[in-house]
Amino acid sequence: MNSTVALLLCGPAAFLATTIMAAGASRLAAATRLVYGATLVISAVLLATAAGHLAGNPGEASATLPLGLPWTGARFRLDGLSAFFLVVVNLGGTITSLYGLGYGRHESLPHRVLPFYPAFLAGMNLVVLANDAFSFLLSWEFMSLASWALVMAHHRDEANRRAGYIYLVMASFGTMALLLAFGLLAGPAGTYAFDAMRTAHPGPFAAGAVLVLMLLGAGSKAGLVPLHAWLPLAHPAAPSHVSALMSGIMTKVAIYGFVRVVFDLLGEPAWWSGVAVLLIGGVTAVLGILHALMEKDLKRLLAYSTIENIGVIFASLGLALAFKANGMPSAAALAFTAALFHVLNHSFFKSLLFFGAGAVLTATGERDMEKLGGLIHRLPVTSFVFLIGCVSISALPPFNGFASEWLVFQAILRSPELPQWGLKVIVPAVGGMLALSAALAAACFVKAFGITFLGRARSAAVERAHEVDRWSLAAMAVLAAFCLLAGILPGFVIDSLSTVTLPLVGERMPVQMAQPWLSIVPIAESRSSYNGLLVFVFITISASLAAFFIHRFASHALRRDIAWGCGFPDAVPAGQYTAVSFAQPIRRVFGGFAFRSRETVDMPAPGALEPARLKVEMHDVAWEIFYQPITGAIDFATERLNHLQFLTIRRYLTLVFLYLVILLLVLALWP
Amino acid sequence: MSGFSFDAVAAILFVPAGAAAILAAMPNYRMTATVNVIASLLTLLAALSLFVTDRPAPGQYLLVDDLNIVFIVLNTFVGFTTSVFSASYIAHELETGRLTAPNLRFYHAMYQIMMFGMNLAFVSNNIGLMWVAVELATLTTVLMVGIYRTHEALEAAWKYFILGSVGIALALFGTILVYMAAQPVVGEGTNAMVWSVLIEKAARFDPALLSVAFIFLLLGYGTKVGLAPLHAWLPDAHAEGPTPISAVLSGLLLNVALYAVLRFKLLLAASPQAIGPGPLMVTMGLTSLIFAAFMLYRRRDIKRLFAYSSIEHMGIIVFAFGMGGPLANFAGLLHMVMHSLTKSAIFFAVGHIAQVKGTQKISEIRGLTESHPGLGWALVIGVVAIAGLPPLGIFMSEFLVVSSTFARHSWLAIPLVLGLLIAFGALLLRLTGVAFGEPRGGTAPVEASYVPMYSHLALVFAAGIYLPAPLVAWFQHVAGILG
Amino acid sequence: MNGLTFDIAHLLAGSLVLISFMMLYQDRLFALINVFALHAVVLALSVAWQAYIQDAHHLYITAAIALVFKAIVIPVGLHRIIQRLGIHRDIETAVGIGPTMLAGIGLVTLSMVLMLRVTPEADPLAREDLAFALSIILLGLLVMVTRRNAVSQVVGFMSLENGLVLAATGAKGMPLVVEISVAFSILIAFIVIGVFLFRIRERFDSVDIGALDDYRGERR
Amino acid sequence: MISQLAVQGAQMLAVLLLAPLLIGFVRKVKARLVRRQGPSLIQPYRDLVRLMRKEVVLADNASWLFRVTPYLIFAATWVAAALVPTFATGLEFSWTADLIVIVALLGSARFFQALAGMDVGTSFGGLGASREVMIASLAEPAMLLTVFSLALLAGATQLSTVAAFMGSPQVGLRVSLGMSLIALVMVAIAENARIPVDNPATHLELTMVHEAMILEYSGRHLAMIELATFLKLLLYMSLISCVFLPWGLDSGGTGPKSLAIGVATYLCKLTVLAILLAVFETAVAKMRVFRVPDFLGAALMLALLGTLLLFVSRSL
């Protein structure tokens, strides 16, 4: 029983204890502070432990408890991969708890949130630690269950109930897929310990099946298209800090599951597995961000953009697979590092953005961007950190989003060395998709920030808005700082990731911190290099230089006046561009194939008094192709079978009789 | 010592029988309820004493072995908790006037007779005796299903009665055939019906005759297990009878029939040339699972809903036993125990819910977790458990069944998984409606007996994350016996 | 055993099957009940014969039960019920006679093939008995599923149960036969009482599920 | 080291000073092409200075972001421009960033410009911003794919390396290069809001994109933005010239002579490109906004095709 693992296991235990305490005391006034304080401390401790392990790199440690599956026991293991994801999870947990300290006070139904929040954290930690199929699935499903309860927190809202329903059904679909995958890995003898699976190498067919099942299982949790349908419903339905956890952290846990099985347990991948993952990743990225662009509900927009980032991560995981399959460890290490780096970054800025959305929600009670606007005047701090989040997620230098996307592109540029033609053709196409999604992401967050925080207030609620409490602001500020730091010091992150990549792809990226001026050089300096720090410094210097000169030599005169409204004296706020109208050009360009969208304008005859109307109809193609047929089939089957409930006794007897006769016939004709 | 332990077996049988006689004679209904509880408790203790005492040598009529001790203990335990629940439930029924004091006397007496019948079926070492016992248990439950004397209650009882009788007849013919098969080997007389003798010599029986026999037995007892398409009696009987009886039906009577099927499966497995029972059971299991899964969607009566879920789970269990092998059999046993505990707990909750809301219509029950948190969350946990979500016990068994099946016959696992998912969708749909949302229906505070349901759920939860080693060893041994 | 005993047993069992066919053929209640009484009588005879050749005296009790209870008491009771309910005129077959007969022939062949195939080394008497018993059981079931009326279904069930008794008595030295026949008589009594008490005219077929739904909201 | 720094600084100043002149030159040529006298070459400098002197008229509800943006845009563009080798490769800080970063820097400049456009809350700002991001959402991928194909050829995204490689004889005449050249030019036209995508001279609200975003700017703020726009044009021209016309580039630290040659050739290239641009702009007419996607889509396809060709030909 390794002491580190023991300590890490005490964490979930403490979480569960908090859950019980919360269930008991959730109606007390102090309960909120108590619970979030406790989770804050616990996840901080876990974070420190995991980070220490990642930095110190003492190899792997494991422990077995006499729980779970009797003859296997509940096995737990801490290696580079799980340490890294523990850092992701508990960093998120810590900061979210910090945020919760403030945000939780506005919660109308604390007794439906407080008990499940620590349980959720416990579940995620256990998934990352589990070392046998049973404990893994148990924690996995426990995580889903806890988050489902949190989604159902505001259960009087019909939409939330629907979201929760779809969420849990999809979750258990995913669990079933994982269950089958583990069944294949475990074999008929039922060796469910990961260590045993690692040594046993399945045949090519089984390996392929496992990969597909993992894409279904982990993918449905991470939100890969077309399994994403639940995500934009469920993530926004939860209280905002939980949305941040679900979107920023839980999807990463799903990615951990995928990596753990496909990179670790499955052994050597086949080259086409790379193709599959790449394609799905690229398509997910583009469709996700297009959906996000069309949204006008702030939290749903963020949820969809989560789908996009998941797509990016999977695409670069697919690259890593392809490289690994072709024995190019260094390139594989590059792609894999890029993926993990993006995992970390996305957990930063997505949490930050959801916190911001939560702050807006508390301040105005609105999630609909069409009713917001001009908040930059009411919520100066929130709007500033939210802006930083937007810049980071739009992959703009010198922030962290750009650093990881840059690495992904560098990895793509290694791909011509791949032998297979399939990959040769796919990779540049996927590269194009990623570039497209990056550009669209920028557009999407111009819209998100511009409509929500800029312009003039579109509703009275905004006029009354006030800056949120200190705890929330602190949490958001910390995350913003992380976004900048990870952006200007990417070398540090990359180096600490070497512990993870080395065992999984058999290689690591060259040491970065040794580079002059802290720049990052994935392959060779002559080839490509990027120095976030210097870019940051240059921009600051030149901006301040310019400012200085202007200040020194140009006029200072400044006059406030009404804006130019094309001759109209006082343009009403309603005259501003709305979220929908902002997205209109892009909808015109991409909507045709992405949403089968159609615009119909009915313009009244000249002189007629009724207003002209623009009708836009859009379809969620994935939903119509994949989900409606299934529900339709089930409905049809139930409709038909249901008659069997209303037969008469004689007919039931006939059933029995026929069944008997058939069996007897079979027996009579038995050879 | 052995003398005492035989007394244990005797106690298991005679405590209920005696109690029935006393209860039939007692005037005061409060007393009858208490006596009922006490008698069940005594039976439970007697059953537990089977662990500490050494077992009697198998006689011509009675037998205690590793297989049936599982069932006996489970049976007496759930019987006891149900009696506790029924005490509070029946009191309420009496206040609302749905039952009268004479009804009650009859009810409690019948309850004990039923317990007697089921225990007898478990401990009997004689296939003829077992048949008689099962018939007895069935008849008593028929009478109890009809106890409300309402139109639809009589409907249900009648349907149950007719289909049950045909089942009984078929089972009897199967039993006769087994005797015929045994007679040339064992010789005439009672010995040819004694289980422990049969299993030894089964290898030399005429396999073809055994096969025919098994078909009749499977259909006969399968009717009681509620396997589709023999299930028709089950939903109505569950829905129309008093809820304690629904709990007992789902939790216990189905197991009795299942136990009978298992016994004969062993017999058949012992004679290699006979048709393998596996494929038959797997087919019936899958049919029931998928059929019930679809039927769950259109249910409007909450008790009927869970009755269908019982069919579904019986399907899973029969499937598991049909698959055979240590993993699947272990899973089957575990699943059976877990299902009994969970389903009876659910029915406890549902019973009180139906009482406070004054209806069994799902559409008229809303927002339970808000109006009656105790009951509501109990129902949520119960459904989550029955739907096979961790960290509750059924998850473990489903985990084992699905994964081992997929590793052995992948193409069998697909319909299994589909069935599970479809059923899950339906159950969750109904749960979302009932437990959440704007509260609707009566909000009167309920004097429910939370102890039985929560103790069951606690057991299920504990089993989900930790199975004590002796229990595991024992299950594995039984799984080994089941081959 | 000598041929004669065998032939007689064979004759009796065979005639039971024949009478089952006659039942299939009847479409009036009274006629049906009378035929059933005949069925019971023949059963009693064959059981008695078995008791004689196996000299198992307890079987005489079974025979007596069959004779008294099934051949006399039940038919009389059923006659009463029918008059009470005024349904003696009903034509009450759900399926035409012709198809029913064909199905019956098919069932008999099935049971013959099956039983004679699977019992090569059992003693011939038992084989015959089993084969006939199975066909009687199946025919009984057939009666149950082709008749609409509760009474005739009771009759079908009873003929089915006659088949069981025949099989049980045919099995040499089978214990509990008496108990079983008693148990079954009780069962049948229950059914008859049920029919009588609950005024279940045609419960088997036109079961009033509609009412059930209205009460319980099961209708879609 | 010092000389290197000097060169670097010189280049940065050079681009800053050269940019308005380039614009003036283009305008002049255009004017002459349509038989007009046209403003003098140094008119842009005058404009800038006057703008500097004027007072700033700020909309009532303009936020701090609105006032900070001009400096950010200018800084980002300037840094990007400074990273493109004009007359010398292998500059001191050339390794701080590669082509992708340059694209991204321009992207961030655009990001803030679009935000500023929406800050005041008039419909024009929104109109400009939404059209701008639509154009960018197609132009950026095209640009990146062009970068890919260059990087595949040169085996690097490092601009100096690429330039050096393109100068070396081992680049034959390649189809893919031609494609990416065309793509790059189309992107450049779109990015610099030139005809036919946008009209830098128009003030008819419905047709304009770039101008609509900066409609509310005035005085020194407008000056910064204008300067940034000039820089951007220069940047693209020097990019094209250093990648596709990589002759006479000084490879760093080879003495004043080669530097002089580098400067001279650089100026010639700029002149040629400017004239070409002017001719092109006078020859074609501005297209409807919703034809632009087709235009840029073509660029995207070309770039993708070029990249694919390279990928495939790599293995031959």
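View 1. A:Tyr192 lies in the loop between α6 (158-186) and α7 (194-199) of chain A; helices (H or I, at least four residues) and strands (E, at least two) are DSSP runs, numbered from the N terminus. With 27 other C-beta atoms within 10 Å, A:Tyr192 is buried (20 or more such atoms within 10 Å of its own, placed from the backbone; exposed means 12 or fewer, partly exposed in between). Beyond its neighbours within four places in sequence, its contacts (C-beta atoms, placed from the backbone, within 7 Å) include A:Leu69, A:Asp132 and A:Phe182.

Residues are numbered from 1 along each chain as its sequence is written, while chains are lettered from A and ligands numbered from 1 in the order in which they are written. Because the model is predicted, local features need pLDDT of at least 70 and side-chain atom pairs count only at pLDDT 80 or more, whereas totals for chains, interfaces and linings use all residues.

**View 2. Helix α6 of chain B.** The 36 residues of this helix (residues 151-186) should span 52 Å at 1.5 Å a residue, the expected span being 1.5 Å times one less than the number of residues. The end C-alpha atoms are 50 Å apart, which agrees. Of the 36 residues in α6(B), 33 are buried. Just after the helix, B:Gly187 adopts a positive phi of about 95 degrees.

**View 3. Where chain A meets chain D.** In this interface, 71 residues of chain A are in contact with 75 residues of chain D. On the chain A side, α17(A) gives the most, with 14 residues.

**View 4. Strands β3(A) and β1(D).** Four bridges join these parallel strands; pairing requires at least two DSSP bridges. A:Arg560 has D:Leu58 as its bridge partner in β1(D).

Definitions and conventions:
Contact = placed C-beta atoms within 7 Å.
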